[in-house]
Amino acid sequence: VSDQKPLGCWSVKHGQIITCPVVCNFETHEYIAVHDDKVLRIWKSKDTNLDKVFKATLSADVYRIHSLPNGGPVVLFKGGGVRTLDVLLEAPQQEIEQVISDEVIKWSEAFMEGQRLVLIFATEKDGDFFVYVQKLKMNTLHKYKLEQQELSKPMSFMAYIKNQIITLLCLYSNDSVYKVLIPLQQNTEEEEQILSKSLLLNLSLSGSILKGTSFVVLDKDHIAVLGSLAASGEESKECLTIWNTKFQTLQTSKELPLGTSGQLWCYEEKFFFTHGKVLTVVMYKCETSSLAAAVGKLKDSQATDVSSFVNWNTLGDEELVVSFQSQQSVTLKSESRMTLRSKRNTVAKVQPDTLSVGQRLLNLKDASATVFEDELRQLMSKAQMPDLQATIGCVITALINRCKTNPQYYPRNFLLQIVQTRDLSYSLCPDLMAVALEKKDVHLLQICLQRFPDIPEEITYACLKVFLSISEAYLQRIDVNLESVICYIDIEFNNKEVKSEIVENGFNAELEQDIWDTKITKETHLMTEGEFCPVGPQKAALLNAVVHSAYSETFLLPHLKNLPAQQAVLFLRYLYYLYVKCSEKINTTLPGIHSPTINQIMDWMCLLLDAHFTVMVMLPEAKELLSNLHKFVRAQVRFYSELNKIEGSLRELQRLNRQKDSQIYSIEVLELI
């Protein structure tokens with residue numbers, strides 16, 4: 001999440017549908033998925049094609065797979081049958097019992113109680129709701145019926161186990177949360193029991209009612225609810241709220257103007273939910289509940305609200321600080337995606353007698369450019385860990401916002417200094433590269449490409465397009481970092497490369513002429529593709545930054561298809577030039593800092609050909625380039641195949657040399673057969 005890069009991507013065939021959430025087997029580090037209700041797939045991270053991984057067709061439809069760190073995966077079928085994955089794989093076509101009849105499973109969860117695995121699931125039939133508790137090792141199943149609630153029904157469930165008692169929480173359509181207690185120790189002879197429930201929380205406050213869609217349990221006294229808060233006569237607003245169930249009070253809430261999917265997850269004291277098109281991560285911290293804290297009357301509560309310095313990408317330009325109205329017992333802190341990398345687990349505290357970063361930035365809104373930048377420099381120099389990164393993010397956001405409101409203002413040197421001296425990421429300042437692209441600040445873009453690990457593929461493509469479109473004459477007048485090209489591109493005053501007399505690994509074009517029946521003179525050969533760099537050193541350095549950056553092929557390829565044909569040919573010429581240069585070296589490595597590797601060069605050539613192959617074949621100016629590229633690759637394949645033929649002999653020679661440690665001078669002649 002912090003680097004905004006997919007670590008793996010797997011797809012089912014067209015027409016197939018993944019029918020339950022994919023889980024990870026913590027014991028084997030494998031992924032488990034079910035598609036089309038009955039087809040089980042198991043694979044590891046290194047697998048790329050789901051068609052070639054383990055497949056098992058089951059005899060019944062699967063509702064959900066639950067995976068626990070110490071209990072292994074458990075499969076719950078739509079008919080209520082339960083099997084551990086190990087037992088299921090022994091005989092995938094084994095018959096699965098039908099536990100429920102005409103009931104539909106609405107929710108399920110698995111727990112470890114000591115060494116026992118307990119599965120609980122809720123079903124619905126004709127408006128009645130039932131709860132099943134399955135103990136796998138003891139192979140016992142108990143069925144309960146939920147006490148009916150007049151004119152309302154459960155919409156969402158949560159459960160946890162403590163002291164041999166299952167606490168089931170139900171969010172009902174009447175805007176209330178009810179609690180149901182289910183003892184694990186039950187007499188197996190008892191028939192279906194009716195579970196009585198007690199009101200835990202009423203989601204109403206000062207005339208406003210929260211229409212909850214999902215909720216999670218934080219601790220014994222707090223729950224978080226995601227839903228729409230509606231006041232009489234006003235339009236409802238989606239928000240995240242935290243409630244104190246002990247004292248029936250709303251602890252804190254945050255409006256979510258871009259909307260959510262209605263789903264809320266909680267893991268390791270962090271909330272996860274979608275806000276618009278963004279996955280938002282929010283830290284929380286629960287402290288001991290007390291009445292004074294619940295009503296905001298603690299003696300030390302004169303301190304200002306706990307604030308977090310983040311960019312929610314949804315706030316106004318002036319609202320640089322996100323504040324949750326907190327009453328000490330529960331504090332929330334939103335993390336930017338970069339913050340996840342730094343693993344900050346503490347909440348930033350603001351002293352009452354000092355101004356927060358956001359307030360100081362707001363006070364500088366109308367300051368002159370010189371005063372504005374001086375104050376920002378002081379702000380960064382005084383910032384302390386763990387809030388240094390967040391403060392720098394706020395500073396860059398303030399600079400970018402000023403650039404947007406005043407097109408004449410662009411602090412190029414200040415931005416360059418921050419990016420070059422600070423450990424930043426794209427997600428901490430997402431608008432920075434967009435403004436640099438608008439200003440065509442290629443030097444800043446080059447530094448960002450070299451230093452940011454999480455640049456979206458859309459921005460990488462935009463940088464490539466700008467670099468290829470800018471003229472060489474313009475680039476010669478601006479400052480560009482040439483460290484990645486200066487060691488292998490030799491430039492004379494007439495901008496022609498000085499060709500060194502080095503024979504490429506396994507490739508000599510003059511020797512290959514007879515093989516390929518080509519009729520080219522030596523003079524023509526000296527001007528073939530790959531002999532001269534098709535771009536100047538400045539443009540080469542910029543293109544190297546793109547080639548050296550991280551990307552995902554799945555997300556980059558659609559953008560590359562939009563690259564103009566002439567620019568695509570020019571970029572391929574340069575990649576071919578780099579490929580030839582790498583092949584001149586015995587270790588196939590280009591000298592210099594941030595120079596592309598041969599694997600990166602080949603990957604980009606393949607991507608470019610995949611995106612533009614039809615266009616390349618049709619373009620007359622690309623015909624010779626593709627032909628030369630084909631010959632060069634074929635020659636290298638021939639060379640390495642010849643090396644493979646003598647590999648065995650070379651290894652035998654190595655073995656003989658290790659066996660004999662001659663102390664005197666000797667000459668030996670070995671015949672390779």
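This is a predicted model: local features need pLDDT of at least 70, side-chain atom pairs count only at pLDDT 80 or more; totals for chains, interfaces and linings use all residues.

Visitor: Is Asn244 buried or exposed?

Guide: Buried means under 20% relative accessible area. Asn244 has 0% relative accessibility, so it counts as buried.

Visitor: Which backbone atom lies 2.9 Å from a polar atom of the Asn244 side chain?

Guide: That atom is the backbone nitrogen of Lys246. For another view of the surroundings, compare sequence and space: Ile223 is 21 residues from Asn244 in sequence, while their C-alpha atoms are 6.9 Å apart.

Visitor: Now the sheet. How many residues of strand β9 are buried?

Guide: In a regular strand, side chains alternate between the two faces of the sheet. Strand β9, residues 116–125, is mostly covered, with nine of its ten residues buried.

Visitor: Which strands do bridges join to β9?

Guide: Strand β8 (residues 104–113) runs antiparallel to β9 and is joined to it by nine bridges. Strand β10 (residues 128–135) is also antiparallel to β9, with eight bridges between them.

Visitor: What should I look for in the turns of the hairpins?

Guide: Check the residues between the strands and their phi angles. The hairpin of β8 and β9 has two residues between its strands, and Gly114 in the turn has a positive phi of about 65°. The β9 and β10 hairpin has two residues between the strands as well, and there Asp126 takes a positive phi near 55°.

Terms used: Residues are numbered from 1 along each chain as its sequence is written. Side-chain values use heavy atoms; hydrogens and water are left out. Buried means under 20% relative accessible area, exposed over 50%, partly exposed in between (1.4 Å probe, protein chains only). A polar contact is a pair of N or O atoms within 3.5 Å; within protein, one must be able to donate a hydrogen and the other to accept it, and residues adjacent in sequence count only if both atoms are side-chain atoms. Helices (H or I, at least four residues) and strands (E, at least two) are DSSP runs, numbered from the N terminus. Two strands pair if DSSP finds at least two bridges between them.
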